[in-house]
Amino acid sequence: MGRDRVKGEKVDRAYQVMKIYFNNSLRDDLALPATGGGWLLGDGAFESLRTYSGRAFALERHLDRLEQTLNELKIAAPTRAQLVQGVEETIAANPATPFGRLRITVFGDGNWMVTHIEYKPETRFLKLSLSPIKRYSLDLTSGIKTISYQASAVALREAASKGFDDAIFINERGEVMESALANLLWLKDGQWFTPDLNSGCLPGVIRALLVKNFGVAQAPLLVEDLENVDGLALTSSVREIVGVQAFESHLYSNSQSIDALSSSFHSWILGNLEE
């Protein structure tokens, strides 16, 4: 059976310098099947997280969630020992300082890979739009991290065409779920909140740590109430916490509270890299 190499000038340049861990060994490049295979079907799961001078934060939490997702998708998972070894060898082969983006991907056909590239944190506040795509809280892919990212991809293209950075999804009840790329936080009367899991949002690792250690409360939020909150932010394992400047035409001005939470959480991460 023929095999196609990943094409594109930008991708080719990256693959010349990046070592890819694929099915238990490091490789200089990657070939994927031209027919069949989980990558063609969007059949698989992944985890992305940030590294700090070569140390992955909350790796065990991410591996726990990956295994749970693969179980729900009926996909056979590599062993925990294989995944950890893959992560360690990939980071060692692809140094990234001070920050890196680590991704672990497992496909439905049993193939799996790990990549590690440099990551530069965002320094500006973002502008969000409302996605016209309605998500459903009980969909199979709601609340799990699969490689089937079509809804997010379309939402991001739609947002970019209107000058926005990301888009907010709402569910069938008109409740805010998440953005196309991250969990949401909102500030109201000095208290930080995040949508509860009944919304269908992803049970993000950073989201859970903020709830456990920083007093972030879980609650439903209707989309019409987004203009009544005091501040808005995105959170994910790669981004940590990024402030939102605007939702549609509504501007938020409480940047000091967002900066304070972001700075405090970043310092907390650096003190808990063994977690």
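How much space lies in the largest cavity? About 30 Å³, in this predicted model.

**View 1. The largest cavity and its lining.** Rolling a probe the size of a water molecule over the atoms shows where empty space is left. Here, a search of the whole structure turns up one cavity of 30 Å³ or more.

**View 2. Elements around the largest cavity.** Strand β9 (126–130) and helix α5 (150–161) each give at least two residues to the lining. The largest share, three residues, belongs to α5.

**View 3. Helix α6 and the glycine after it.** Along α6, which spans residues 205–213, you can find Val205, Ile206, Arg207, Leu209 and Leu210 buried. Past the helix comes Gly215, with a positive phi near 70°.

**View 4. The largest nonpolar core.** In soluble globular proteins, nonpolar side chains tend to be buried together. This core has 22 residues, and Phe57, Leu185, Trp192 and Phe265 touch the most other members. At least two residues each come from β12 (183–188), α6 and α7 (255–270). With five residues, α7 supplies the largest share.

**View 5. Phe57 and its partners.** Which residues is Phe57 in contact with, leaving aside its neighbours within four places in sequence? They are Leu49, Arg50, Tyr52, His62, Ile206, Leu209, Trp268, Ile269, Asn272 and Leu273. Two of the names, Ile206 and Leu209, are also among the buried residues of α6.

Methods. Residues numbered from 1 in each chain as written. Predicted model: local features only at pLDDT ≥ 70, side-chain atom pairs only at ≥ 80, totals over all residues. Heavy atoms only, no water. 1 Å grid on protein atoms, 1.4 Å probe; cavity = no way out; pocket = protein on both sides within 12 Å on 5 of 7 lines; lining within 4 Å. Points joined across faces, edges and corners; volume = space filled by probe spheres on them. Helix = DSSP H or I, 4+ residues; strand = E, 2+ residues; numbered from the N terminus. Buried < 20%, exposed > 50% of the residue type's maximum accessible area, 1.4 Å probe, protein only. Core = buried A, V, L, I, M, F, W, Y, C linked by side-chain atoms within 4.5 Å. Contact = heavy atoms within 4.5 Å.
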